Amino acid sequence: MKTRLSAAGATLLALLVTVLAFGQPAHAAAGFSVAGGKLYDANGTEFIMRGVNHAHTWYPQQTSSFADVKALGANTVRVVLSSGDRWTRNTNADVANVISLCKANRLICVLEVHDTTGYGEQSGAITLDRAVDYWLSLADVLAGQERYVIVNIGNEPYGNQNYASWATDNANAIKRLRAGGLTHTIMVDAPNWGQDWSFTMRDNAASVFAADPARNTVFSIHMYGVFDTAAEISDYLGRFRTAGLPIVVGEFGFNHSDGNPDEDAILAYSQANGIGWLGWSWSGNGGGVEYLDLATNFNPASLTDWGQRLFNGANGIRQTAREASVFGGTPPPTTPPPTTPPPTTPPPTTPPPTGGCTATYTVTNQWQGGFQGEVRVTAGARAITGWTAGWTFANGQRVTQSWNVALSSSGTTVSARNTDYNGRLAAGASASFGFLGSWTGTNSLPAVSCTAS
């Protein structure tokens, strides 16, 4: 059980030392890199994680989950693996397949070893040094995947006891990984079951970062009951921002046995400050925390309330996720995985071509009083540099939220303009954007116009 203890604020001199003093490297063309407290992909484009955790090691047969979370808009998946010490070992071939599934679905893969969870307090938990043995045994699988894979050394590597060596152990683990030839970005979890109520990671992150010869380490905080107020969330994350050290929320939920985290504040602060996050977890939770499932029985058409909040709510995945540029710069698809639609779902309509592009309006999901829509814009015979789609609702429908588009409404008239990353389309190429809306009585499909520039 994760426990909050009252602790006086420790001095932050080590944390506040500017990262520039450590000699930040230039962006590494081989893979992800860190500079100025931010994560950059291999093209030198800033990358902000918006994704979920997936318990692959306990549900290895659920390989469709990668496509499912991608179809819901995620750009990253954190994959639970086992070294074989507490659960069945994920073999080199299995890990290679996981990486392949991530790449096929244009997801960045954060791989973590779960056997370290609660070391020092949890019986059977392994050391970070033992976790490094596992990563080095995967060296042949990980080599060449630096553009797509981030290595999370060990999940929640200390409980609420015997965590004083966190900084030394992580520094040594990073050095061993680098000496063993791993050039990937490394992710480091906090102690105290990931929640760092002792501020051990907060106050020693600078020294751990400096111990990495590549200066390519990211820190991960898990936010559950310890982070139940907006003030605690902004203070913790803000101190890393002030120090120029990279931080992500590697796990969080909307509720927990140790308290009620403020998920709205986590999402809002992260979005306002360019901080990545990964919600826990896709499906398959047990032990009394089944409520943390984002999807029921791994079914993407059966999102839980938590799943709806994380994927479709304010500052959620659909609204904020941007696909890593190493996949070619195409934004994430917004169409949910194929399901049998309810009888009330109207079929899509495709209007006649106008100008240099066409637009297709589809209702992808519908429920009493609300619906989810998608518009796909397709360039004509020539490449275009931008587009604007528009329509007028006939039955009083209203757009309440949108993603991958700059959308405005005036009464029943809607105008949707491309963003800076999906306006340029080759001849015949398409870009999609999505939205949530409300309706009463009838939800008929409007005719959509498209104008290219």
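Predicted model: local features only at pLDDT ≥ 70, side-chain atom pairs only at ≥ 80, totals over all residues.
Trainee: Which residues of H6 and H7 make the contact?

Mentor: On H6 they are Trp166, Ala167, Asn170, Ala171, Ile174 and Lys175, and on H7 they are Thr200, Met201, Asn204, Val208 and Ala211. By class, seven of these residues are nonpolar, three are polar and one is charged.

Trainee: And is that crossing left-handed or right-handed?

Mentor: H6 passes H7 in a right-handed crossing.

Trainee: What about H7 and H8, at what angle do they cross?

Mentor: The axes of H7, residues 200-211, and H8 cross at roughly 5 degrees and come within 11 Å. H7 and H8 are therefore roughly parallel to each other.

Trainee: Which residues meet there?

Mentor: Met201, Arg202 and Ala205 of H7 meet Asp235, Tyr236, Arg239 and Phe240 of H8. The contact of H7 with H8 has four nonpolar and three charged residues, and no polar ones.

Trainee: Arg202 is in that list. Which ring does its charged end sit over?

Mentor: The charged end of Arg202 sits over the ring of Phe199, at 3.9 Å from the centre of that ring.

Trainee: Now H8 and H9, please. How do their axes cross?

Mentor: H8 spans residues 230-243 and H9 spans residues 263-273; their axes come within 9 Å and cross at roughly 30 degrees. H8 and H9 are therefore roughly parallel to each other, and their crossing is right-handed.

Trainee: Which residues make the contact of H8 with H9?

Mentor: H8 contributes Ala230, Ile233, Ser234, Leu237, Gly238 and Arg241, while H9 contributes Ala265, Ile266, Tyr269, Ser270 and Asn273. Six residues of this contact are nonpolar, four are polar and one is charged.

Trainee: Changing topic: how many aromatic pairs are there in the whole structure?

Mentor: A search of the whole structure finds 23 aromatic pairs.

Trainee: Which residues form an aromatic cluster?

Mentor: One aromatic cluster is formed by Tyr361, Phe371, Trp387, Trp391, Phe393, Phe433 and Phe435.

Trainee: Next, the backbone. Which residues does a cis peptide bond join?

Mentor: A cis peptide bond joins Trp280 and Ser281, with omega about -20 degrees. Ser281 lies in the loop between strand S10 (276-279) and helix H10 (305-312).

Trainee: And what is the phi of Arg215?

Mentor: Arg215 has a positive phi of about 50 degrees, although Arg215 is not a glycine.

Trainee: Where does Arg215 lie?

Mentor: Arg215 is in the loop between H7 and strand S8, which covers 217-223.

How values were computed:
Residues numbered from 1 in each chain as written. Heavy atoms only, no water. Axes fitted to C-alpha atoms, helices over the stretch in contact; angles between N-to-C directions. Helix = DSSP H or I, 4+ residues; strand = E, 2+ residues; numbered from the N terminus. Parallel < 35°, antiparallel > 145°, perpendicular 65-115°, else oblique. Left-handed = near helix turned anticlockwise from the far one by under 90°. Contact = heavy atoms within 4.5 Å. Nonpolar A, V, L, I, M, F, W, Y, C, P; charged D, E, K, R; others polar. Phe/Tyr/Trp six-rings, centres within 6.5 Å; stacked < 30°, edge-to-face > 60°. Lys NZ or Arg CZ within 6 Å of the ring centre and 35° of its normal.
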